[in-house]
Amino acid sequence: MTFAGTTGAASQLATTSPVEAEMADSSAVACHIADSCLADGSLGRVGLEVEAHCHDPTDPHRRPGWDEILEVLEFLPALPGASAVTVEPGGAVELSGPPADGVMPAINAMHSDQAVLRAAFADAGLGLVYLGADPLRPPQRINPGARYRAMEQFFAADGFRDAGAAMMTSTASVQVNLDAGPRSGWAQRVRLAHALGPTMVAIAANSPMLGGELSGWSSTRQRVWGQMDSARCGPALGASCDDPGTEWAHYALNAPVMLVNDPEAVAVTHYVPFIDWVDGRVLLGDRRPTISDLEYHLTTLFPPVRPRQWLEIRYLDSLPDAFWPAVVFTLVALLDDPAAAAVAAEAVEPVATAWDTAARVGLRDRRLYTAANTCVALAAERAPAELAEPMQRLARAVEQGRCPADDFCEQVSEHGAAPAVARLARGGL
């Protein structure tokens, strides 16, 4: 998702310094990253991105092919909410909505687009399954794009072959994009976005299976991401963050280069921190990086909260309709409402770094349970009437210490994994 009107810094730099000119040194690059990673402005806009695994309800172990999915999308009617549609490496389908003026318009627009997308896939005999991890099928890339082919090669060379394959082809999320807000509040806002992560992971955990096996984790998706290289996928901005721009620049410069466009994506199969490339200690493609190389490098970094002039919050599992609107509203309310943010910051402070605990046991952890109930109650007080029923449902689940993964496990226990997935693919609960 791209927030309109927030790319001025990059555009200005491209005008004053040609994008193909080699950059001189890491100090200048650090300043550019720090100055352009967040956009000073007001709060209020919300963008959503929702991913779903594509399954054949008659054979949920089968992975529909690339051409099969593209044929559905070729005849897809216009989406009323104007979401962009993309296909992930393993065939998951993503809707990326434009920024809306407020959380409820964003939720309603995404609901409308999901309905059109579901209908199109149903007409083709396929279904969309909203789980954080593919419960049945082994990792397999079907998207033939050069970027994803090169990513496979990078992860294999970097020692993360299995986790990289699972991340690329077997995970799905709900992503929430929010304005960075006024510059004076950036440090506090970014700290809270990170600190909320474990509590929100526990609330939204919806991936107890991967590749045909119960993993023992409530959010196997978060477990997979936790197994990745922390220099690329770990939190970029910590609880002590005082200057988000400087911390993001440090993170980006020290992360290893994954891909270089030459002109298509080519994997960098030896460890080269970006800072070594820009300072000339290592040359890739017999040259130092350009501004376009830097911008491409930033797209290969996957922390749970990524600054892209706005805040890209990436830590929620993909969720069914019964849960995701209330979860999204909760997250937005806790970040955008000053009174709620102050209370939430205190509530989640004891579990601000408990990522693994949240992914493994969810709300069975007493500290996460307490934080989650406080956070959901804060959001419920602020929910509009049209969201009353989903918020009540979420509040009941959290009070009972349950997450969506528990509902799916019950379906698997009662009916078996394949029938449970088939039912989801047909639109069942």
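**Salt bridges and burial, step by step**

Mentor: Let's start with a pair in this predicted model: a salt bridge joins the side chains of Asp134 and Arg137, at 2.7 Å from N to O.

Trainee: What makes the contact between Asp134 and Arg137 a salt bridge?

Mentor: The cut-off is 4 Å between a side-chain nitrogen of Lys or Arg and a carboxyl oxygen of Asp or Glu. Asp134 and Arg137 come to 2.7 Å, so the pair qualifies. As background, side chains of opposite charge can pair when their charged atoms come close.

Trainee: Is Asp134 buried or exposed, and how do you know?

Mentor: Buried means under 20% relative accessible area. Asp134 has 0%, so it is called buried.

Trainee: And Arg137, buried or exposed?

Mentor: Arg137 is at 2% relative accessibility, which is under 20%, so Arg137 is buried.

Trainee: How do you know that Arg191 forms a salt bridge with Asp242?

Mentor: Their closest N and O atoms are 3.6 Å apart, and the limit is 4 Å, so the pair counts. This pair links distant parts of the chain: Arg191 is in helix H7 (residues 186–195), while Asp242 is in the loop between helix H10 (230–233) and helix H11 (244–254), 51 residues apart.

Trainee: What about Asp242, buried or exposed?

Mentor: Asp242 has 64%, and exposed means over 50%, so Asp242 is exposed.

Trainee: What makes Asp407 and Arg402 a salt bridge?

Mentor: Their side chains meet at 2.6 Å, N to O, which is within 4 Å, so this pair is a salt bridge. Asp407 is at 30% relative accessibility and therefore partly exposed; Arg402, at 23%, is partly exposed. Elsewhere, salt bridges that share partners join Arg306, Arg308, Glu312 and Arg314 into one network.

Trainee: How many salt bridges does the count come to?

Mentor: The count is 20 salt bridges.

Trainee: Why is Ser26 called buried?

Mentor: Ser26 is at 12% relative accessibility, under the 20% limit, so it counts as buried. Ser26 sits in helix H2 (residues 26–36) and touches Leu253, Ile275, Val278 and Asp279, leaving aside residues up to four places away in sequence.

Trainee: What pLDDT does the protein average?

Mentor: The average is 93, and 94% of the residues score at least 70. Over residues 2–17, though, the pLDDT is below 50, and this stretch has 24 contacts in the model beyond near neighbours in sequence.

Technical notes. Residues are numbered from 1 along each chain as its sequence is written. This is a predicted model: local features need pLDDT of at least 70, side-chain atom pairs count only at pLDDT 80 or more; totals for chains, interfaces and linings use all residues. Side-chain values use heavy atoms; hydrogens and water are left out. pLDDT is the predictor's confidence in each residue, from 0 to 100. Contact means heavy atoms within 4.5 Å. Helices (H or I, at least four residues) and strands (E, at least two) are DSSP runs, numbered from the N terminus. Buried means under 20% relative accessible area, exposed over 50%, partly exposed in between (1.4 Å probe, protein chains only).
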